[in-house]
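Please bring the structure up on your screens, and we will go through its core, its aromatic rings and its salt bridges in turn.

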Amino acid sequence: MAANSVAEHVSECLQLAMLLEVSAYPKPGNVHRTADFSDTRYEHFLASAVVVGEFFREAALRGVLVDQGKLEPSEVGVGGIIRDAVAKVSSRVNGGNTVLGSVILLSPLAVAAGITLHTEKGLSVHVLRRNVQRVVQSTTPVDAVNLYEAIEKAKPGGLGNAPKLDVNNPSSKTEILKRGISLYEIFKIAADYDSIAAEWTKGYPVTFSLGYPYFVSEFKQTNDFNIATVHTYLKILSEIPDTLIARKAGKVRAVEISEEAGRILELGGLTTVEGRRRLTEFDEKLRKAGNKLNPGTTADLVSSVLAVTVLKGYQP
């Protein structure tokens, strides 16, 4: 497949994944097509997905160049892609941080998809995962500094303070460059308390080992993209306590919410009357107290799952 065709295809798939994720409903505690936050609305996420398309295209093109041997993986500049995407969203879309987590997860996927699809006739999920690991492990200290600048621009809620190389500490970027610490190594430090960092450093286990197989199974059973997406959201939340909730409300509360998500799935979720009733109540419950209990990290992980799903050829 020609380089530009690969890049356009990858970008369309990843943008669609973001649109499908935010549109899934009722997605407990997060913005979806029938529910907004007071300051961040559904249309802000739609607009953000449009804005980031050019950056996914560029990431995929760089992946093609890696496959052609014209660019080293360490020269891809994933951190800069993330920073520039977040900066453009911030300048073009109201509503605060809508894309940081998803762009951190999807940018390496875009590069990896460019590497994979340039020579592959069909997408191998195994090869895609291997290439994602190659991309993230090849990041540099400059990527790390660029990621810090993306975080500064996005101002994500509930960030708190990190024990080492805190993004809120102005000296951290200087120390990163001085000590030659790559973005991958930064995420290894954060992996114990941040699910997105853990995805990067552990081979995207939630995306490839938990979320994608579960989505495929649910879609085959229901033939309904929305149901499969919401159930995948609940499945991930039930097994991986949301780290955004943990930062805002504590680990105990995050675990309690995970347990409730699991119980709703056991009741059948969107496929049963009782499951739907409990899901609606759960959604309303998580929206109280100023959205302090919104599982935002889980939503980002679902975007990553749907990216693989759409790249693989599943259609809504």
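What you see is a predicted model, in which local features need pLDDT of at least 70 and side-chain atom pairs count only at pLDDT 80 or more, while totals for chains, interfaces and linings use all residues. Residues are numbered from 1 along each chain as its sequence is written, and side-chain values use heavy atoms, with hydrogens and water left out.

Let me begin with the nonpolar core, meaning a set of buried Ala, Val, Leu, Ile, Met, Phe, Trp, Tyr and Cys residues joined through side-chain atoms within 4.5 Å. The largest such core has 103 residues, and the members that touch the most others are Val10, Leu14, Ile82, Leu109, Leu128, Trp200 and Leu311. Helix α5, residues 100-119, supplies the largest share of this core, with 12 residues; helices here are DSSP runs of H or I with at least four residues, numbered from the N terminus. If we leave aside residues up to four places away in sequence, Val10 touches Ala60, Ala110, Ala113, Gly114, Leu117 and Leu311, where contact means heavy atoms within 4.5 Å.

Where do the buried residues of α9 lie around the helix? In this helix, which covers residues 183-190, the buried residues are Leu183, Tyr184, Ile186, Phe187 and Ala190. Seen down the axis of α9, they fall within an arc of 155°, so they line one face of the helix; the arc is taken from the directions between the helix axis and the C-beta atoms. Among the elements covering these buried residues are α5, α6 (125-137), α7 (141-154), α8 (172-179) and α10 (195-201).

Now to the aromatic rings. Rings of Phe, Tyr and Trp (its six-membered ring) pair if their centres lie within 6.5 Å, and planes under 30 degrees apart count as stacked, over 60 as edge-to-face and the rest as tilted. The structure holds seven aromatic pairs. One of them joins Tyr204 and Phe208, and this pair is tilted, at 6.3 Å centre to centre with 55° between the planes. Tyr204 is buried, at a relative accessible area of 0%, and Phe208 is buried at 6%. By contrast, the ring centres of Phe215 and Phe219 are 5.9 Å apart with their planes at 10°, so that pair is stacked. Both of these Phe residues are buried, and they sit four residues apart, about one turn, in helix α11 (residues 205-222). Together with Phe225 and Tyr314, Phe215 and Phe219 form one aromatic cluster.

Finally, the salt bridges, each being a side-chain nitrogen of Lys or Arg within 4 Å of a carboxyl oxygen of Asp or Glu. A search of the whole structure finds 18 of them. Glu21 and Lys27 meet in one, at 2.7 Å from N to O, and both residues are buried. In another, the closest N and O atoms of Glu58 and Arg62 are 2.8 Å apart, and here Glu58 is partly exposed at 32%, as is Arg62 at 23%. Lastly, Arg83, Asp84, Glu149, Glu152 and Lys173 are linked in a network of salt bridges.

Definitions and conventions
Buried means under 20% relative accessible area, exposed over 50%, partly exposed in between (1.4 Å probe, protein chains only). Helices (H or I, at least four residues) and strands (E, at least two) are DSSP runs, numbered from the N terminus.
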